[in-house]
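Biologist: Can you put the model up? I'd like to go through it with you.

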Amino acid sequence: MNWITSREIAQEGDLALLIGSKQKYFIINLIKGGIFQTHRGVVKHDDLIGEKWGSEIFSHKESPFYLFQPGIEELIKTTKRNTQIMYAKDIGYTLLKLNIINGAKVIEAGTGSGSLTQIIAAVIGNEGHLYSYEVRPEMQNLAIKNLSRLGIEERVTFIKKNIEDGFDQKNIDAIFLDVPNPYDYLEQVKKALIPGGFFGTILPTTNQIIKLLIELRRKKFVFIEVSEIMLRHYQAEETKLRPTDRMVAHTGYLIFARPISQSQ
């Protein structure tokens with residue numbers, strides 16, 4: 001399976017993004033003989049294979065669709081979920097703050113449905129690796145299934161373990177916790193990180209943040225940042241440019257910090 005390719009032409013095995021009217025979109029894996037069905041008609045996969053990305057195609061009812069390669073945002077939005085997932089606006093800033101780049105070695109705990117898992121795996125490349133901890137087997141299985149769409153499963157090791165017992169890895173570049181009580185695991189985080197590595201977490205309430213701030217200072221973390229990211233879209237129409245009626249506002253508080261070493 002191919003997620004993003006440099007080819008101009010869609011081929012069998014590629015992930016394809018079909019965008020219809022009102023920008024409603026669908027992600028499908030192109031298979032010879034496959035059929036995609038909507039209330040706007042049937043689209044045969046064979047009619048998509050061999051077409052240029054960006055082409056306009058039509059269903060058997062003559063409803064128009066545009067053929068693209070899916071981007072990260074579409075992958076997140078179409079991730080099957082049993083729990084709340086992180087939004088693109090939060091994921092993007094998290095990657096920046098944790099310095100998650102090609103070749104990075106990363107730990108996440110609280111895999112959930114795997115939205116962040118997919119993006120980290122895409123960003124770190126074949127030289128990096130992600131270790132994803134989760135105690136709920138049903139969530140881990142869902143995350144594995146979601147990741148398989150991208151064809152980069154070899155970049156991720158899924159581990160079923162309570163992080164209270166510590167992480168199995170050392171000298172990790174960055175750790176992100178998506179758990180309700182990250183303040184209970186800061187000692188485990190410090191032991192797994194490289195000296196001065198990157199730590200981040202997401203929390204829904206200020207009560208939890210206060211507990212975390214107290215523990216971060218006790219455990220000798222510095223450069224502590226608490227952020228809340230909001231996103232406002234605008235109607236992209238030159239005759240009536242204005243904010244859209246809905247806004248992606250509060251989805252969680254992001255907290256970042258760096259551990260320091262004790263003086264000898």
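## Going through the model

Modeller: Here it is. Bear in mind that this is a predicted model.

Biologist: How many helices and strands does the protein have?

Modeller: There are seven helices, along with 13 strands.

Biologist: What box do the C-alpha atoms fill?

Modeller: Along the principal axes, the box is roughly 70 × 45 × 30 Å.

Biologist: And what share of the residues is buried?

Modeller: Of the 264 residues in the protein, 46% are buried. The accessible surface is about 14100 Å², and carbon and sulfur atoms account for 50% of that.

Biologist: What about contacts between residues at least 6 apart in sequence?

Modeller: Among those contacts, 61% join residues at least 24 apart.

Biologist: Charges next. How many positive and negative side chains are there?

Modeller: The count is 33 positive and 30 negative, with the centres of the two sets 5 Å apart.

Biologist: Which residues gather in a patch of negative charge?

Modeller: Glu 12, Asp 46, Asp 47 and Glu 51 form that patch on the surface.

Biologist: Where does Glu 12 lie?

Modeller: Glu 12 is in the segment before β1, which covers 15-19. Its relative accessibility is 40%, so Glu 12 counts as partly exposed; the cut-off for exposed is over 50%.

Biologist: Now Lys 160. How far is it from Asp 47?

Modeller: Lys 160 and Asp 47 are 42 Å apart, C-alpha to C-alpha, and 113 residues apart in sequence.

Biologist: Where is Lys 160 found, then?

Modeller: Lys 160 sits in the loop that runs between β9 (156-159) and β10 (172-177).

Biologist: Is Lys 160 buried or exposed?

Modeller: Lys 160 counts as exposed because its relative accessibility is 55%.

Biologist: What is Lys 160 in contact with, leaving aside neighbours within four places in sequence?

Modeller: Its contacts are Glu 134, Val 135, Pro 137 and Gln 140.

Biologist: Backbone now. What is phi of Glu 62?

Modeller: Phi is near 70 degrees for Glu 62, a positive value in a residue other than glycine. Glu 62 belongs to the loop between β5 (56-58) and β6 (64-68). With a relative accessible area of 58%, Glu 62 is exposed.

Biologist: And what about phi of Phe 223?

Modeller: Phe 223 has a positive phi near 50 degrees, and that residue is not glycine either.

Biologist: Where is the place of Phe 223?

Modeller: Phe 223 is in strand β12, residues 221-227.

Biologist: Buried or exposed, that Phe 223?

Modeller: Phe 223 is exposed, since its relative accessible area is 69%.

Technical notes. Residues are numbered from 1 along each chain as its sequence is written. This is a predicted model: local features need pLDDT of at least 70, side-chain atom pairs count only at pLDDT 80 or more; totals for chains, interfaces and linings use all residues. Side-chain values use heavy atoms; hydrogens and water are left out. Patches are made of residues with over 30% relative accessible area and no salt bridge: like charges are joined within 9 Å, nonpolar side chains (Val, Leu, Ile, Met, Phe, Trp, Tyr) within 5 Å. Accessible areas come from the Shrake-Rupley method with a 1.4 Å probe; for residues, only the protein chains shown count as cover. A salt bridge is a side-chain nitrogen of Lys or Arg within 4 Å of a carboxyl oxygen of Asp or Glu. Lys and Arg count as positive and Asp and Glu as negative; His and the chain ends are not counted. The place of a charge is taken as NZ of Lys, CZ of Arg, CG of Asp or CD of Glu. Helices (H or I, at least four residues) and strands (E, at least two) are DSSP runs, numbered from the N terminus. Buried means under 20% relative accessible area, exposed over 50%, partly exposed in between (1.4 Å probe, protein chains only). Contact means heavy atoms within 4.5 Å.
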